[in-house]
Amino acid sequence: MKLDEHYELFRASCLRFAREKIAPFVEEWEEAELFPRELYLEAAAAGVLAAAYPEEYGGGGGDMLHGLIGVEALLTGGSSGVVAGLGSLGIALPPILALGSEEQKQRFIAPVLRGEKVAALAITEPGTGSDVAGIATRAVRDGTDYVLNGSKMFITSGARADLVSVLARTGPDKHGGLTFFVVEKGMPGFSVSRALKKTGWRASDTAELGFDGVRVPEANRIGDEGSGFVALMKNFQHERLALAFYGHATAAIALEDALAYARARSAFGRPLVGFQVTRHKLARMATEVEAARTLNYSCALRVRDGDYLVKEVSMAKNFSAEVAQRVCYEAVQIFGGMGFMRETRVERLSRDARLLPIGGGTTEIMNEIIAKGLGL
Amino acid sequence: MKILVALKRVADPANHNKVKIPAAGDKIDTAGLEWQINPFDLYALETALRLTEDGKAPKTRLGEVVAVTLGPAETETNLRSALATGADRAIRVDTTDDALDGRLVAAALQKLVEEEKPDLVLMGKQVVDGENNYVGQALAELLDWPMATFAATIKEEAGGLLVGREVDGGVSTLRVKFPAVVTVDLRIVAPDSVRSSKTAEGFKYPYEEVRFAPLPAIMQAKKKPLAVKKLADLVGGATLSSKYVKFEAPPARKAGVKVKDVQELVQKLATEAKAI
């Protein structure tokens with residue numbers, strides 16, 4: 001697949017950032033379960049943080065494919081957690097960009113794109129996930145404010161977010177009663193209930209957030225009351241496509257490591273690649289990576305050009321997540337005992353990949369969407 | 001100031017293990033290699049950009065930077081990358097890697113310099129593939145221009161440059177008059193290594209590397225001029241004056257050992273490595 005040269009130059013820039021600013025520190029950040037906040041500033045300065053956002057708010061003026069290529073390239077640094085943490089703005093800002101006023105965009109989006117503030121998106125709750133109709137966090141109007149009560153779960157960058165795009169219930173209608181608000185750090189009643197410890201994506205902070213009578217001024221309501229659901233659905237398109245890219249990119253790194261190891265490691269007097277079983281395993285892995293990458297890019301190009309591809313994006317997300325599972329599993333198999341050791345990258349990749357069939361809507365939810373798209 | 005920066009593409013040093021030598025040993029198999037600009041030449045590009053700006057944001061351009069490379073059509077990607085990083089225009093001399101040696105490159109650059117008439121030619125002190133450390137010096141000789149090699153600091157002054165070079169036991173400082181040829185070392189990208197005539201007193205760059213190209217600059221790069229010239233038009237019928245006879249891969253390195261303390265290290269250095 002031949003892309004315009006500017007995509008490749010941007011990819012080269014992101015690969016360099018991953019090689020120089022992420023890869024050397026990944027072990028340390030994974031163990032610390034956090035990366036330094038300065039990385040946001042460095043990523044902004046290097047132009048890799050906000051490439052896909054409009055220039056009037058400090059972005060790079062690129063399109064969504066630049067954003068996806070950025071994800072794919074930054075993952076070569078070896079940590080999904082770092083990319084997810086750096087990239088939490090990618091799910092937090094689109095509702096503001098789509099529905100917010102000019103004043104809100106300047107106030108909320110610009111400092112995040114400069115890397116000065118961290119943004120998070122808060123949809124999931126302890127009691128509800130993909131079933132967003134079940135959202136129980138309430139925003140009740142009181143004068144010119146809204147009073148927010150509830151809690152949000154599994155929030156990427158939640159512990160250190162300066163602003164959180166929170167989806168809350170403002171009316172009884174299942175979908176039409178949902179509205180986005182920007183809750184800012186320091187608002188009385190807004191707290192980080194706990195930082196969560198995870199199987200993978202360890203370098204990213206993930207938190208449960210509490211809202212206890214938080215007074216949110218009307219100026220922080222994004223769009224009209226009830227406009228949240230449609231914006232969320234559009235957001236899901238991009239989030240799922242991004243997760244599909246995580247899938248093939250994670251699998252590609254596992255394949256690269258497995259190839260190198262199988263060439264270097266000997267057993268029974270010959271290198272592992274001297275065994276047909278290993279060669280065929282690697283051939284199968286490479287085929288799956290190629291298939292996932294091709295499907296993902298084909299969806300991405302169509303979405304970039306304006307298609308609204310609910311079914312195909314769900315397919316891409318599912319297929320790519322499954323490929324990541326299988327390829328990482330086989331890569332660990334090729335590494336044998338070393339694949340179970342924290343010092344190898346395939347060990348981390350196999351843990352990081354486990355999120356992919358869950359986050360952004362589970363495989364089962366995706367299958368329901370695909371089935372609906374088939375008219376079932 | 002007008003600066004010509006000479007760039008050479010090299011096999012990505014991060015993937016050097018992809019370099020293959022066929023059994024015949026008559027060439028290097030370049031199939032499947034990933035290419036990037038020689039790191040020292042990138043430092044030269046960064047130097048040229050710093051010499052033609054005031055360091056303030058947004059930066060004001062104070063001169064022109066022309067990026068030059070010699071190579072096949074795919075090296076235009078490397079030139080576009082240089083344009084995205086900030087060069088104003090680019091020239092590719094159409095040829096292939098195996099049709100070149102240092103002498104031909106210097107001769108071709110000489111002709112380009114005579115056409116372009118820059119105040120300064122910048123390039124890396126050497127290329128990380130062949131490590132010949134040749135072209136800068138040869139070019140200065142052909143042009144009969146002053147030269148400074150291994151520049152670690154550069155300060156622009158009236159009609160020339162003050163160049164600091166790291167040498168054994170200290171720093172040697174050279175004053176070169178324009179026009180000149182300067183080759184740069186890696187320290188040239190330190191925050192305060194390069195000062196143009198307009199760089200504010202006390203200004204330091206907030207980074208110690210070659211700048212990243214932001215996306216708007218990448219998008220603009222394709223609109224910047226990129227001229228193509230034929231090698232024969234520059235060097236006439238000149239042919240290779242040196243020829244590679246045989247290539248051999250270095251012997252594979254043996255695995256190292258971990259030592260538990262300094263005592264064991266010293267003992268191994270003395271008895272096994274016989275290094276002390």
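Contact here means heavy atoms within 4.5 Å. This is a predicted model, where local features need pLDDT of at least 70 and side-chain atom pairs count only at pLDDT 80 or more, while totals for chains, interfaces and linings use all residues. Residues are numbered from 1 along each chain as its sequence is written, chains are lettered from A and ligands numbered from 1 in the order in which they are written, and side-chain values use heavy atoms, with hydrogens and water left out.

**View 1. Where chain B meets chain A.** On the chain B side, 16 residues are in contact with 17 residues of chain A. Together the two chains bury about 1,400 Å², and 63% of that sits on carbon and sulfur atoms. (Buried area is the accessible area, with a 1.4 Å probe, that two parts lose on being put together, summed over both.) In chain B, the residues to look for are B:F212, B:L215 and B:I218, which lose the most area to chain A and make up 46% of what that side buries.

**View 2. Domain 2 against domain 3 in chain A.** Chain A is split into domain 1 (5-113), domain 2 (119-226) and domain 3 (230-373); the bounds come from an automatic or database domain assignment. The C-alpha centres of domains 2 and 3 of chain A are 31 Å apart. Ten residues of domain 2 touch 13 residues of domain 3, and the pair buries about 930 Å², 68% of it on carbon and sulfur atoms. From domain 2, A:S130, A:W201 and A:R202 lose the most area to domain 3, together 55% of what their side buries.

**View 3. Helices α9 and α11 of chain A.** Helices (H or I, at least four residues) and strands (E, at least two) are DSSP runs, numbered from the N terminus. The axes of α9(A) (residues 228-264) and α11(A) (residues 310-335) come within 8 Å and cross at roughly 20 degrees, so the two helices are roughly parallel. Axes are lines fitted to C-alpha atoms, for helices over the stretch in contact, and angles run from 0 to 180 degrees between N-to-C directions. Angles under 35 degrees count as roughly parallel, over 145 as roughly antiparallel, 65 to 115 as roughly perpendicular and the rest as oblique. The crossing is left-handed, meaning the near helix is turned anticlockwise from the far one by less than a right angle (clockwise would be right-handed). Its contact residues come out as 19 nonpolar, five polar and three charged. For that tally, Ala, Val, Leu, Ile, Met, Phe, Trp, Tyr, Cys and Pro count as nonpolar, Asp, Glu, Lys and Arg as charged, and the others, Gly among them, as polar.

**View 4. Helices α1 and α4 of chain A.** Here α1(A) (residues 5-22) packs on α4(A) (residues 64-74) at about 35 degrees, with the axes 8 Å apart. This crossing is right-handed. Among the residues that meet are A:F10 and A:L15 from α1(A), and A:L65 and A:I69 from α4(A). The contact has eleven nonpolar, three polar and two charged residues.

**View 5. Helices α11 and α13 of chain A.** The axes of α11(A) and α13(A) (residues 363-373) come within 9 Å and cross at roughly 145 degrees, in a left-handed crossing. The meeting residues include A:M315 and A:E322 in α11(A) and A:M366 and A:I370 in α13(A). Five nonpolar, five polar and three charged residues share this contact.

View 6. Most residues other than glycine have a negative phi, and most peptide bonds are trans.
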